[in-house]
Amino acid sequence: MCPSIHSFIIEFQLSMMVPKYILYLISLLFCLANIHAFIPHPLLAYGALTSNSITHTEITQLGFIRSLGRFFYDMRMNSNNTNSSAIEEDDFLTNEHTIDDLYEFAYPEYNTLEIEYYSLPLKFILDTILTNNVLVDFHSNTKKLSAAHCDSEAFSNCSRRVIQLKQKIVNNTRTKYNDFTETRELLGQLIHTVQDFYSHSNWVEMGKTDINTLMGYNETIGTVAAPDQATCTSSGCKKIEKTCTVWQQITLNMCPLVYYDCQNNILPEINEQQILTSGYLLNQYYENNDILSKPTNVSKCSHGSVSDASSHLPAIGGINKDAESLIYSPHSNLHKNAVDLAIKATERVFNDLRQDIGDYNFDLLFAISPNGPQVQNETDSFSQGKRFRFFTPGLATSVEEDYRLLRQLKKSFRKAYKFTKSIFTGRYFRDKTTNQPTYDLSDQGVNVKDINNFRSAPYLIGKEEVRRKKRMINVLRSRRHL
């Protein structure tokens with residue numbers, strides 16, 4: 001235990017009558033805060049089975065938090081002398097915030113219950129967007145549509161799809177003031193496609209450290225490999241064959257597991273010449289429903305996954321970065337890099353939408369400042385059992401990044417303090433039982449465990465409690481990819 005807080009632990013235990021194991025946990029949190037800039041929360045871990053993969057829904061929520069933080073800063077803080085005088089700009093922009101944290105800053109007159117009350121409509125709207133993001137992987141109209149996922153080198157189709165969806169969203173927001181349901185659904189679909197570009201293409205492998213600014217603005221987003229141009233090699237992949245666990249056999253319906261570790265399978269000249277490529281699959285299709293399959297006369301890259309049959313065809317393996325698991329992603333070592341860029345690209349979608357439709361319509365679209373009936377309707381629905389599918393109250397990120405060591409250490413201490421406080425107030429355990437996402441799409445007619453849909457892989461990584469844990473994003477925080 002850290003000597004500097006040993007006396008504090010003893011005094012606190014005597015005064016509060018707190019179990020000793022809880023206090024040792026607190027001491028561990030505080031000690032780690034002085035060693036590492038960001039720490040995982042021990043009570044959120046479920047042991048060695050924990051998955052570190054970050055999903056579309058988490059990426060979307062984090063990108064939105066950044067955009068909402070900027071909106072509140074511009075509209076409620078920077079322009080409000082009374083409020084802004086009590087807020088240090090650097091602290092606000094570089095500290096991590098949940099959505100509730102942002103409402104607390106924007107509306108200092110609200111108490112905790114009022115913050116939860118007035119932010120509920122926005123949270124359910126965001127949950128609708130998250131749900132429709134996920135449905136792109138499962139809906140029959142999009143799960144095999146190459147343009148929806150930037151697969152099979154269909155980059156022009158992919159960017160054109162984003163452009164068209166964006167135009168519909170902007171037009172709907174300007175004209176349909178009373179019902180934004182379709183607009184929010186389209187926004188979730190658009191964001192999914194933008195995010196997939198970074199996971200499915202070789203953008204990260206090309207050494208890019210920032211987003212592709214042409215994606216969704218121009219049909220030509222870079223130099224794309226020619227149809228007869230080889231892009232991958234089988235010699236860059238290592239085949240792995242393992243016996244499966246009972247859980248894997250049940251969820252994947254295959255044993256043994258055969259997959260690939262492919263860290264160097266993209267041809268060097270492709271990346272060196274900044275030529276875009278993405279993985280092919282079997283039986284995908286174009287927008288006109290023509291079949292699009294992996295070529296057999298040239299060594300193209302595969303998408304890759306234990307569930308992807310095309311990964312066994314030359315060039316074997318794959319290049320996707322969907323998960324931090326080789327079982328699903330041959331380039332899993334670059335998963336966090338792809339996540340980082342996908343979050344930045346998602347934030348840009350929200351920021352650009354705000355610019356296109358104006359602050360007033362942006363507020364209406366997300367019910368950031370809800371009216372009484374909106375609040376009452378969502379509150380009544382929540383009290384009657386309505387739950388979030390994918391929205392996670394505990395996710396937090398900063399509006400801007402700050403790499404100064406002292407400020408990082410301060411943030412680590414604040415994070416440890418806030419987490420410890422949540423334990424004693426009971427909020428941590430209450431949130432897990434009432435506000436945590438259900439990951440349930442049954443009312444949408446979707447089976448996330450469909451073994452015939454390789455895109456369901458991120459939802460099959462582990463047992464239910466492990467899937468819940470991984471969505472708490474503590475790995476991203478500890479490794480500072482946000």
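Visitor: Which residues form one aromatic cluster?
Guide: This is a predicted model. In it, F64, F71, F72, Y103, Y107, Y110, Y117, Y118, F350, F362 and F366 form one aromatic cluster.

Visitor: And how many aromatic pairs are in the whole structure?
Guide: The search finds 21. One of them is Y73 with F92, a stacked pair. Their centres are 5.9 Å apart, with 20° between the planes.

Visitor: Where do Y73 and F92 sit?
Guide: Y73 is in helix α3, F92 in helix α5 (residues 89-94). They are 19 residues apart, and the pair links distant parts of the chain.

Visitor: Buried or exposed, Y73 and F92?
Guide: Both are buried.

Visitor: What about F124 and F388?
Guide: Their ring centres are 4.5 Å apart and the planes are at 35°, so that pair is tilted. F124 is in helix α7 (residues 112-135), while F388 is in the loop between α14 (372-383) and α15 (405-425), so the pair ties together parts 264 residues apart in sequence. F124 is buried at 5% relative accessible area. F388 is buried too, at 2%.

Visitor: Which charged end sits over the ring of F124?
Guide: That of K386, 4.4 Å from the ring centre. Elsewhere, K208 lies over the face of W203, at 5.1 Å from the ring centre.

Visitor: Switching to helices. How do α3 and α13 pack?
Guide: Helix α3 (residues 56-77) and helix α13 (residues 335-366) pack at about 45°, axes 8 Å apart. They are therefore oblique to each other. The crossing is right-handed.

Visitor: What's in that contact, by class?
Guide: The contact of α3 with α13 has 11 nonpolar, five polar and eight charged residues.

Key
Residues are numbered from 1 along each chain as its sequence is written. This is a predicted model: local features need pLDDT of at least 70, side-chain atom pairs count only at pLDDT 80 or more; totals for chains, interfaces and linings use all residues. Side-chain values use heavy atoms; hydrogens and water are left out. Axes are lines fitted to C-alpha atoms, for helices over the stretch in contact, and angles run from 0 to 180 degrees between N-to-C directions. Helices (H or I, at least four residues) and strands (E, at least two) are DSSP runs, numbered from the N terminus. Angles under 35 degrees count as roughly parallel, over 145 as roughly antiparallel, 65 to 115 as roughly perpendicular and the rest as oblique. A crossing is left-handed if the near helix is turned anticlockwise from the far one by less than a right angle, and right-handed if clockwise. Ala, Val, Leu, Ile, Met, Phe, Trp, Tyr, Cys and Pro count as nonpolar, Asp, Glu, Lys and Arg as charged, and the others, Gly among them, as polar. Rings of Phe, Tyr and Trp (its six-membered ring) pair if their centres lie within 6.5 Å; planes under 30 degrees apart count as stacked, over 60 as edge-to-face and the rest as tilted. Buried means under 20% relative accessible area, exposed over 50%, partly exposed in between (1.4 Å probe, protein chains only). A charge sits over a ring if NZ of Lys or CZ of Arg is within 6 Å of the ring centre and within 35 degrees of the ring normal.
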